[in-house]
Amino acid sequence: MDIENAVMLVTGASSGVGAATARAAAAAGARVVLAARREERIRALAEELPGARAVACDVTEARQLAAAVQTALDGYGRLDVLVNNAGQGLHVPLADVDPDDFRAVLELNVVAALAAMQAVVLVMRRQGAGSIVNVSSGTTLAVRPGAGAYAASEAALNMLSSVARLELADAGIVVSTVYPFITATEFHSSLRAGGLRATAPSEDAPPELRPQRPEQVAEVILELIRCGAERADLVPERFGGSYRG
Ligand SMILES: NC(=O)c1ccc[n+]([C@@H]2O[C@H](COP(=O)([O-])OP(=O)(O)OC[C@H]3O[C@@H](n4cnc5c(N)ncnc54)[C@H](OP(=O)(O)O)[C@@H]3O)[C@@H](O)[C@H]2O)c1
C-alpha cells in the first residue's frame, strides 16, 4: 500500500510509537487520524501535521472506536490503514499478578485490539482494500521471567493477527504484526503494575539491551504497510528475533 495520501488511523497516538508513527506517516504524505484518551496531546500533534485530525478515544469503548473510524470517513471519505498500537505493560512475576490487572491488559491489548480491527474491516471490505498493522511485543518471541502476563496478552494478539491475515486476504485487507523490542517511550513509566530492571530502558545497559527509539519502530511499521509482509521484529537475534539494525 502506498503511504502517500493513505488515510491512516493510529491508536495510542498521544505518545511513543503511535506519535512517532503518525509523524513519519504524515511526513510521507499520509492523512492521519490520531486516537488516544489524552486529547490535548493528540490535538497539539494534529496541529503540527498537515491535514491530521485528532479524536479522543478510549479503545476499550466500542462507541468511541466507532467514532474514531467515523472521524476518518467524515474527514477523508475513506480509511486505508489501521495502526493498532494502543497498549500497556504489566511487569509483575506471575505469582504476584493481580487478576484485575491481568483482565485490564487483556481488555486493552487483546479485546480492544480485536474490536479496533472489527471497526475498520467493514469499511475496508467496502473499499476492497486496506492495511492493518497490529503492534505486539518482542516479549512474545522468547520465554522469560517477569512479564508473563503482558507477554501472554501480546501472544494472544499475535494469534488474532495471524488468523485475521488469513481470513481477510480475500477481501484485499493485509494484516501484519510488528514486534518492538525495548523502546524508549512512556510505556515503562505507565505500566499497569510492576517494573523490571531488565526491561526498563537504560543507557548503561549492554548494547543489545539499549532502548531503541520509537522512530525506529515507526519506520518498520511504515515498511510493513508498504510491503504487506506478515511480520517484522526489532528484536536482536540473541532474544529470539531477527533484527540487525
Ligand atoms: N516501549 C516498549 O518497550 C514496547 C516494547 C514492545 C511493545 N510495545 C508496544 O508498543 C505499543 C505502543 O507503546 P509505547 O511504547 O509507545 O508506549 P506509550 O508511550 O506508553 O504509548 C501507549 C499509548 O497507548 C495509549 N492507550 C493506553 N490505553 C489506552 C486506551 N484505553 N485507549 C486508547 N489509547 C490508549 C496511550 O494513550 P492515552 O494514555 O492518551 O490514551 C499511549 O498513546 C504498545 O502496544 C506496547 O505494548 C512497547
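This is a predicted model: local features need pLDDT of at least 70, side-chain atom pairs count only at pLDDT 80 or more; totals for chains, interfaces and linings use all residues.
A cavity, as I use the word here, is a set of grid points where a 1.4 Å probe fits but cannot get out.

For the largest cavity I noted a volume of about 50 Å³. I then listed its lining, and found Asn 84, Asn 85, Ala 86, Gly 87, Asn 109, Ala 113, Val 135, Glu 154 and Leu 157. The elements that give two or more residues to this lining are α4, spanning 99-127, and α5. Sorted by class, the lining of the largest cavity holds four nonpolar residues, four polar ones and one charged.

**Entry on the second largest pocket.** I next turned to the second largest pocket, whose volume comes to about 160 Å³. Its lining is made by Leu 114, Met 117, Gln 118, Val 121, Arg 125, Leu 160, Val 163, Ala 164, Glu 167 and Leu 168. Here too I looked up the elements, and α4 and α5 each supply at least two residues of the lining. The classes in this pocket are seven nonpolar, one polar and two charged residues.

**Entry on the ligand.** Which residues of the shell come closest to the ligand? I counted 30 residues around the ligand, and the closest are Ser 14, Val 17, Arg 37, Tyr 150 and Thr 185. Both α1 (16-27) and α5 (148-168) supply at least two residues of this shell, and by class the shell divides into 13 nonpolar, twelve polar and five charged residues.

A backbone N or O atom of Gly 12 lies 3.0 Å from an oxygen atom of the ligand, a polar side-chain atom of Ser 15 lies 2.8 Å from an oxygen atom of the ligand, and a polar backbone atom of Val 17 is 2.7 Å from an oxygen atom of the ligand. Taken alone, the ligand exposes 880 Å², and the protein buries 95% of that area.

**Entry on aromatic rings.** In one of them, the rings of Phe 181 and Phe 239 have centres 5.4 Å apart and planes at 35°, so I recorded the pair as tilted. Phe 181 sits in the loop between β6 (173-179) and α6 (214-227), while Phe 239 is in the segment after β7 (231-233), so the pair ties together parts that are 58 residues apart in sequence.

How values were computed: Residues are numbered from 1 along each chain as its sequence is written. Side-chain values use heavy atoms; hydrogens and water are left out. A residue is near a molecule or strand if one of its heavy atoms lies within 4 Å of it. A polar contact is a pair of N or O atoms within 3.5 Å; within protein, one must be able to donate a hydrogen and the other to accept it, and residues adjacent in sequence count only if both atoms are side-chain atoms. Accessible areas come from the Shrake-Rupley method with a 1.4 Å probe; for residues, only the protein chains shown count as cover. Helices (H or I, at least four residues) and strands (E, at least two) are DSSP runs, numbered from the N terminus. Ala, Val, Leu, Ile, Met, Phe, Trp, Tyr, Cys and Pro count as nonpolar, Asp, Glu, Lys and Arg as charged, and the others, Gly among them, as polar. On a 1 Å grid over the protein atoms alone, a cavity is a set of points where a 1.4 Å probe fits but cannot get out, and a pocket is an open set with protein on both sides within 12 Å along at least five of seven lines; lining residues have an atom within 4 Å of a point. Grid points are joined across faces, edges and corners, and a volume is the space filled by probe spheres set on the points. Rings of Phe, Tyr and Trp (its six-membered ring) pair if their centres lie within 6.5 Å; planes under 30 degrees apart count as stacked, over 60 as edge-to-face and the rest as tilted.
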